[in-house]
Amino acid sequence: MRVVIAEDLALLRDGLVRIFQAYGDEVLDAVRDAPSLSRALVTHRPDIAVVDVRLPPTFTDEGLRTAIEARKRVPGLPVLVLSQYVEQLYARELLSDQAGAVGYLLKDRVMDVDHFIGAVRQVAAGGTVMDPDVVNALLGRRSADPPLRTLTPREREVLALMSEGRSNAAIAGRMFISEKAVSKHSNNIFIKLGLEQSEEDNRRVLAVLAYLQG
């Protein structure tokens with residue numbers, strides 16, 4: 001992959017560079033602030049941008065805003081946002097265009113390097129990845145909704161894993177059940193939530209996340 005990194009902490013920025021290089025990826029640029037990120041994304045048009053939500057000069061949400069704006073100028077640009085904390089608003093903003101090729105992970109996930117690289121590759125391929133803690137927050141916010149209350153415990157587990165961006169095969173492996181069983185649970189979830197069915201994993205993920213964000 002061809003990667004652009006935006007992270008203001010030098011230690012983490014250098015660590016990300018080393019991780020990608022160790023996996024055979026090319027780091028086109030590693031920047032520390034929003035203006036530099038904007039230039040790098042438009043100039044290099046990378047396979048993926050890995051971006052800290054908060055960048056100088058104000059350390060609020062410059063990284064996120066810059067990435068969203070860059071996706072308007074470079075349609076389909078895959079972006080994986082890293083955040084120190086769970087913030088549902090960031091996830092909502094990132095998913096607002098319903099185009100996919102986005103991810104939102106807590107920085108702690110970088111410590112599990114194989115999982116982190118897997119998530120990056122999934123986003124670069126056009127998929128959607130959401131941190132489990134973000135998904136739990138979204139589910140908690142909508143837990144009193146009548147349709148969600150009709151889901152069985154198994155269906156809620158499938159819903160949570162689906163919301164993280166996992167395919168049917170990945171969910172089956174995680175739950176130690178067959179893909180056919182996952183498909184059955186997924187169909188029941190979509191019927192109960194009143195969502196349009198789709199055979200494509202990423203469309204299902206986006207539909208579920210859109211519902212949870214309400």
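## Polar and charged pairs between the domains

Between domain 1 and domain 2 of this predicted model, two residue pairs are in polar contact, both at pLDDT 80 or more, whereas the count of salt bridges between domain 1 and domain 2 is zero. On the side of domain 1 that touches domain 2, the elements that give two or more residues are α4 (88–94), α5 (113–124), β6 (128–130) and α6 (132–141). Of these elements, α6 provides the largest share of that side, with four residues.

## Domain layout and buried area

The protein is divided into domain 1, covering 2–139, and domain 2, covering 147–213, and the centres of the two domains, taken over C-alpha atoms, are separated by 25 Å. To the contact, domain 1 brings 18 residues and domain 2 brings 13 residues.

The size of an interface is often given as the accessible area lost when the parts come together. Here domain 1 and domain 2 bury about 1,300 Å² between them, and 59% of that area lies on carbon and sulfur atoms. Of the area that domain 1 buries against domain 2, 40% is supplied by Gln98, Leu138 and Leu139, which is more than any other three residues supply.

## The annotated response regulatory region

An unreviewed UniProt entry lists residues 2–122 under the feature "domain: Response regulatory". In the model, the chain over residues 2–122 is 44% helix and 21% strand, and its end C-alpha atoms are 14 Å apart.

## Backbone features in two loops

Most residues other than glycine have a negative phi, and most peptide bonds are trans. Against that background, two places in the backbone deserve a look. The peptide bond from Pro56 to Pro57 is cis, with omega near 15 degrees, and Pro57 is found in the loop between β3 (48–52) and α3 (62–73). Arg45, a residue other than glycine, has a positive phi, near 45 degrees, and Arg45 is placed in the loop that runs between α2 (34–44) and β3.

## Salt bridges

The count of salt bridges in the model comes to 13.

Notes:
Residues are numbered from 1 along each chain as its sequence is written. This is a predicted model: local features need pLDDT of at least 70, side-chain atom pairs count only at pLDDT 80 or more; totals for chains, interfaces and linings use all residues. Side-chain values use heavy atoms; hydrogens and water are left out. Domain bounds come from an automatic or database domain assignment. Contact means heavy atoms within 4.5 Å. Buried area is the accessible area (1.4 Å probe) that two parts lose on being put together, summed over both. A salt bridge is a side-chain nitrogen of Lys or Arg within 4 Å of a carboxyl oxygen of Asp or Glu. A polar contact is a pair of N or O atoms within 3.5 Å; within protein, one must be able to donate a hydrogen and the other to accept it, and residues adjacent in sequence count only if both atoms are side-chain atoms. UniProt positions are given in the numbering used here, feature names are shortened, and annotations may be inferred rather than shown by experiment.
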